[in-house]
Amino acid sequence: MWLLTQTNPPQDGSKPTIFRLPRGRSNVGRKDQPVLIAEKSVSRNHGYVTSDGKTLKVGDGGSKFGTHVDGKKVSSESEVQEGQVIRFGGREDGSADFRASKESVLIALTACGEKHAAFKTQALTCGLDVIGEHDAWPQVPIACVSTADPSKKKPFSVACLRAAALGVKLVQPSYLEAWQSRNPLSEAPPAVEDHLLPSSQLLQRIGESCASALENLRLVFVGDALGDLQHTLQSLGFKDQCPSVTRAQASATTLPACLRGFTGKVAVVSADPCFGPLAQPPRFFEAEKLVAALVDGAPLASVDAASLVPTPAPPAPAPKRSKRRTDETDDGAEPEPAPAPAPRRRRRRRHRC
């Protein structure tokens, strides 16, 4: 989101004017314009600023005293870089000078499908940056929009658990509606605390509930199955309880190194069935059910590690005995030669006279 901040605040001690620019075009003028600058040298229809979220451009609409970017007059339209100062009109005392800057207002969305698309459109229209359910979090968002409510059979997602791990507030969709209904150029952003999700209280003690569910347990993650959930649990401090093995290690005849000498309980997180010793423990492959179990804090279904007896290697096949030659006898004596076949008598043909 682009901001225009007045460089020289009023002499009466009031705060400098800040315009938070939404996506699209916003007209600038002295009267009846979204970007309202009550300065005599600013024309009524002075110009405009336009933003797509990444770039900012300013244009002049034929004003009397013109528009300048870092002292250079704008003839038609000019791109503005972060840190540059835009002057609207002819005053040189800074009252109509505005410095351009970017403010990253990042929110996370947990909805999927059509709801996710609708929430994303709302957020982008307001100039917010959005990360989805399965996206990596480049930084901590200010809020996580969710419709989760376990009492209404709407379970928490991995993103909700991640938000709880990082201390991010879970908010209702009304938070986006508040952003959309406010005057983006004059009103302050809505407060997160005014739109908290009622069920977010269940996540306030998520660290304790996960510790209870993972007590004396190895939750073995196979391959890349539910990797987001594994990363979230490790960030909560459960790195030792959530080791990772490859698919080959999970289906080998020997126990993985993370379970050798372990005397507790074992459960497996895998998208595909395992073979060998890890075929015996219960297998989790749905994120929502596993997250619900962790939030509940009840012990997860598991088996004793001592019961995971490595599958013994199959016995080596017996060496094949070579076939005995038919012309060999038991005592090693050479057999008597077979009698030669009797010669065939040639039959004479009788010629008729």
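Me: Before we start, when do two aromatic rings count as a pair here?
Reply: Rings of Phe, Tyr and Trp (its six-membered ring) pair if their centres lie within 6.5 Å. Keep in mind that this is a predicted model.

Me: Thanks! Which residues form an aromatic cluster, then?
Reply: One cluster is made up of F19, F88 and F98.

Me: How are the rings of F19 and F98 arranged?
Reply: Their centres are 5.5 Å apart and the planes meet at 45°, so the pair is tilted. The pair links distant parts of the chain, with F19 in strand 2 and F98 in strand 11, 79 residues apart.

Me: Are those two buried or exposed?
Reply: F19 is buried, and F98 is buried too.

Me: How many aromatic pairs are there in the whole structure?
Reply: The search finds three. One of the pairs is Y175 with W179: the ring centres are 6.5 Å apart and the planes are at 85°, so this pair is edge-to-face.

Me: Where do Y175 and W179 lie?
Reply: Both are in helix 3 (residues 174-181), four residues apart, which is about one turn of the helix. Y175 is buried at 1% relative accessible area, and W179 is buried as well, at 3%.

Me: Switching topic, which ring does R25 lie over?
Reply: R25 lies over the face of Y48, 3.9 Å from the ring centre. There is also R218, over the face of F262 at 4.2 Å from the ring centre.

Me: Last one: what's the secondary structure of the protein chain?
Reply: Seven helices and 20 strands. Of its 353 residues, 39% count as buried.

Methods: Residues are numbered from 1 along each chain as its sequence is written. This is a predicted model: local features need pLDDT of at least 70, side-chain atom pairs count only at pLDDT 80 or more; totals for chains, interfaces and linings use all residues. Side-chain values use heavy atoms; hydrogens and water are left out. Helices (H or I, at least four residues) and strands (E, at least two) are DSSP runs, numbered from the N terminus. Buried means under 20% relative accessible area, exposed over 50%, partly exposed in between (1.4 Å probe, protein chains only). Rings of Phe, Tyr and Trp (its six-membered ring) pair if their centres lie within 6.5 Å; planes under 30 degrees apart count as stacked, over 60 as edge-to-face and the rest as tilted. A charge sits over a ring if NZ of Lys or CZ of Arg is within 6 Å of the ring centre and within 35 degrees of the ring normal.
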